[in-house]
Amino acid sequence: MFIQTIDILGTIAFSISGVLVAMNKKMDAFGVFIIAFVTAVGGGTLRDLLIGATPVFWMTDMTFIIVISAAALFAVIFRNYIKHLRRSLFLFDTIGIGLYTVIGIEKGMAVDLHPIFCIILGTMSACFGGVIRDILCNEIPVIFRKEVYATACILGGLTYFLMLEFLEDRNYLFIIAGLVVIAVRLLAVIFKLTLPSLYKSEAELK
Amino acid sequence: MFIQTIDILGTIAFSISGVLVAMNKKMDAFGVFIIAFVTAVGGGTLRDLLIGATPVFWMTDMTFIIVISAAALFAVIFRNYIKHLRRSLFLFDTIGIGLYTVIGIEKGMAVDLHPIFCIILGTMSACFGGVIRDILCNEIPVIFRKEVYATACILGGLTYFLMLEFLEDRNYLFIIAGLVVIAVRLLAVIFKLTLPSLYKSEAELK
Amino acid sequence: MFIQTIDILGTIAFSISGVLVAMNKKMDAFGVFIIAFVTAVGGGTLRDLLIGATPVFWMTDMTFIIVISAAALFAVIFRNYIKHLRRSLFLFDTIGIGLYTVIGIEKGMAVDLHPIFCIILGTMSACFGGVIRDILCNEIPVIFRKEVYATACILGGLTYFLMLEFLEDRNYLFIIAGLVVIAVRLLAVIFKLTLPSLYKSEAELK
């Protein structure tokens, strides 16, 4: 119940971020909906395909399609007011990636993958919806350039496996790892941390 | 036999549309063939992957690779005359999406998906070949901006499930739903209908 | 042992090519790593998805993630010196596609596909990592425009099946087909052969 609520908040935040990017690209109603949908479920879909968990998760549960449709409709109607919700959306989004990371990790463990690949699956679940959104909108994915999104997921995943030996209760593990993802992302945004870019800036070249 | 003929006409139309876009992008012979292939089978491939129907459909039947190769070769050789075939190609294409929609729906039903996801699968089968074509050609997919393609598929899908309770004979259902897709698309093109775009036009902003 | 060494050389070359393209696009450290990873395993991943071989190959073997991480780190640190390695990298890359082509063919045979689809799978394994790399970097895939990459793979694949009737020993077949791929690619580069582009050049249009 608690997890499901978080899942829905994350799905809402992801869908709305999709709507905003799609409207910027002057897409029609259908395009906007597809981008919202792909942003919300794209990462988990890729995860399910790679481990062979088909039909993929959103096809066997009506929750996702309903929540995404409602969120997309809301975002389209109130598009001029959404900027006032920026802070809430950022929070939902951050909580969402925390949750998605841990869900991805546990899906990997269920098919006996090595911890490294579980962490990769978790990170993918959380981040690749945004990657597919950016590709469909003909942009270089934003997380490849200046987000700590993925770093937060990876650190949360490492925490999960480091604590796996000490903690019997999977529920605590789930919550702690999720909180690490959320904390790292919040700190990174507050202190404006980014990963180093690997090219010389124009200033350096002079 | 009848269905197979339609399937081939649709595949031809999709392949040729791929060739035309690829040649516009100055691709070489290999690139043109790949784009033709992806346009024709991309939607169905995505559908098969999402429901776990592997090896995907075109790998177990020689028809597709032969028809696509022949159509691509034809389109390349007669590229200067194809514009005169515009009307026939549009008709083949429209018939093709009608058929692909219903095939996708029935594939979803075969794995016991909810009608909503069957309609999504049908629409995906019909439309996502073109989406992948546009991504490979570095364009924002055209159906996200100004086509009623997907709307026609969705309306056809709704028809299928609305009539499912009244009609015993699946063959009639198949034909009626396909005809709805075709009719909606034809009407939309004839009356120049498009979905509303969700951004303010320049005129409005003044 | 021998094959594994070649596989690692190929993976190194593919990863480094990914790093170079990603750094050109001003990606951060995470983006560069993802592009290196996708370039190296993307083709094989698509192959595994299409035939339903999940979890995909790189999830059940630590070799790939370790080699790719090391190669990407190396390429990032020595990015200013890599141009002196251009010749070695080209050679590794060429040997890599030879190997990947044959591995792909044999994976297709293992699930009883027709030779044509085995050749397609082999070519896909060798070439589509680069295609996905280019899409993620928002470029039209280079092999669609001016590389003989795919032609070499296809010719190697044809050789494999033409000789299948005469040669009992699969190991010889493996090596000969791989060498054909390598030879064709080397000759094409030495003699600057490319596939014909299917559009009129500006000169022709005058």
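## Surroundings of C:Ser17

C:Ser17 touches C:Thr39 and C:Arg133, with residues up to four places away in sequence left out of account; contact here means heavy atoms within 4.5 Å. With the side chain of C:Arg133, the side chain of C:Ser17 makes a polar contact at 3.0 Å. A polar contact is a pair of N or O atoms within 3.5 Å; within protein, one atom must be able to donate a hydrogen and the other to accept it, and residues adjacent in sequence count only if both atoms are side-chain atoms.

C:Ser17 lies in helix H1 (residues 2-24) of chain C. Helices (H or I, at least four residues) and strands (E, at least two) are DSSP runs, numbered from the N terminus. The C-alpha atoms of C:Ser17 and C:Gly130 are 8.7 Å apart, although 113 residues separate the two along the chain.

## Basis of the model

The structure is a predicted model, in which local features need pLDDT of at least 70 and side-chain atom pairs count only at pLDDT 80 or more, whereas totals for chains, interfaces and linings use all residues. Residues are numbered from 1 along each chain as its sequence is written, chains are lettered from A and ligands numbered from 1 in the order in which they are written, and side-chain values use heavy atoms, with hydrogens and water left out.

## Interface of chain B with chain A

The size of an interface is often given as the accessible area lost when the parts come together. Between chain B and chain A about 2,600 Å² is buried, 75% of it on carbon and sulfur atoms; buried area is the accessible area (1.4 Å probe) that two parts lose on being put together, summed over both. Chain B contributes 31 residues to the contact and chain A contributes 28 residues.

Across the interface of chain B and chain A there are two residue pairs in polar contact, both at pLDDT 80 or more. On the side of chain B that touches chain A, the elements giving two or more residues are helix H2 (29-51), helix H5 (115-136) and helix H6 (149-163) of chain B. H5(B) gives the most to that side, with eight residues. By class, the side of chain B that touches chain A has 22 nonpolar, four polar and five charged residues. In this division Ala, Val, Leu, Ile, Met, Phe, Trp, Tyr, Cys and Pro count as nonpolar, Asp, Glu, Lys and Arg as charged, and the others, Gly among them, as polar.

## Interface of chain B with chain C

Chain B and chain C bury about 2,600 Å² between them, and carbon and sulfur atoms give 75% of this area. In chain B, the residues that lose the most area to chain C are B:Asp28, B:Phe30 and B:Met59, together 26% of what that side buries. The contact involves 28 residues from chain B and 31 residues from chain C.

Two residue pairs are in polar contact between chain B and chain C, both at pLDDT 80 or more. H2, helix H3 (62-77) and H5 of chain B are the elements that give two or more residues to the side of chain B that touches chain C. The largest share of that side, eight residues, comes from H2(B). Its residues divide into 18 nonpolar, five polar and five charged.

## Packing of H5(B) against H6(B)

The axes of H5(B) and H6(B) come within 9 Å and cross at roughly 140°. Axes are lines fitted to C-alpha atoms, for helices over the stretch in contact, and angles run from 0 to 180 degrees between N-to-C directions. The crossing of H5(B) and H6(B) is right-handed. Residues of H5(B) in this contact include B:Pro115, B:Cys118 and B:Ile119, and those of H6(B) include B:Tyr149, B:Leu158 and B:Phe161. By class, the contact of H5(B) with H6(B) has 11 nonpolar, two polar and no charged residues.

## Salt bridges

Over all chains, the structure holds 15 salt bridges, a salt bridge being a side-chain nitrogen of Lys or Arg within 4 Å of a carboxyl oxygen of Asp or Glu. One salt bridge joins the side chains of A:Asp93 and A:Arg185 (3.7 Å, N to O). This pair links distant parts of the chain, with A:Asp93 in helix H4 (residues 86-110) and A:Arg185 in helix H7 (residues 170-190) of chain A, 92 residues apart. The count of salt bridges is zero between chain B and chain A, and zero between chain B and chain C.

## Backbone geometry

Most residues other than glycine have a negative phi, and most peptide bonds are trans. The peptide bond from A:Thr54 to A:Pro55 is cis, with omega near -10°; A:Pro55 is in the loop between helix H2 (29-51) and helix H3 (62-77) of chain A. B:Asn138, which is not a glycine, has a positive phi of about 65° and is placed in the loop between H5 and H6 of chain B.

Methods. A crossing is left-handed if the near helix is turned anticlockwise from the far one by less than a right angle, and right-handed if clockwise.
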